[in-house]
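I opened this entry to record the backbone geometry and the ring contacts that I looked up. The structure is shown first.

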Amino acid sequence: MEPQHLSVLEGQVPAARRARLRTVVGVLPGVSFPAGSFDAILASRVIHFLSGVDIRTTVAAMARWLRPGGRLFLVADTPYMPSWSHIVPAYEAAKAAGQPWPGYIADFGSAISRSPGSMPGPEFLNTLDPDILARECELAGLTIERAAFFGLQRVGAAANGREHAGCVAQRRPAA
């Protein structure tokens, strides 16, 4: 989405491997690649910026982009992130009621407190959990290897161990 981010990545790839790196600027779910293009896809802290429909479309596309035996690695923010954990009671009630996207925060700007001068955030956030990530991967025809919560990875950050959700799923190997 931001060419500057790709420039940083390109600058950190060792020269001997740079010829194998291909970057594409785009916004999900509007990105497209040929089927079977990748052995692995990492979508880290990206899909929670999508609507439920766009998450489903994106995960299905990623499943198609994988080669047989390829793996999809998803990481998403959860409702248990300290900055917006006040939504947890409503999230847990919505999940128990069977709502497909219980962590959707329609007006994200009002949901968190920001310090003066901080960068604006997204319009909405769709916080997810391991069950939802696994469900979407299964709907896309992938086999779940692991789905779990994990905590913040920043040194010194207060963590409850459920700030992020992760899922590793595999496209079934060719028969």
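I worked on a predicted model, in which local features need pLDDT of at least 70 and side-chain atom pairs count only at pLDDT 80 or more, while totals for chains, interfaces and linings use all residues. Residues are numbered from 1 along each chain as its sequence is written, and side-chain values use heavy atoms, with hydrogens and water left out.

**Backbone.** I found a cis peptide bond between Leu28 and Pro29, with omega about 5°. Most peptide bonds are trans. I placed Pro29 in the loop between helix H1 (3–12) and strand E1 (38–44); helices (H or I, at least four residues) and strands (E, at least two) are DSSP runs, numbered from the N terminus. I noted a positive phi, near 60°, for Arg45, in the loop between E1 and helix H2 (52–65).

**Rings.** I searched the whole structure and found five aromatic pairs. Rings of Phe, Tyr and Trp (its six-membered ring) pair if their centres lie within 6.5 Å; planes under 30 degrees apart count as stacked, over 60 as edge-to-face and the rest as tilted. I recorded Phe33 and Trp65 as edge-to-face because their centres are 5.0 Å apart and their planes are at 85°. Phe33 lies in the loop between H1 and E1 and Trp65 in helix H2, 32 residues apart. I also noted that ring pairs link Phe33, Phe38 and Trp65 into a cluster. I listed Tyr104 and Phe124 as a tilted pair, 5.3 Å centre to centre with 35° between the planes.
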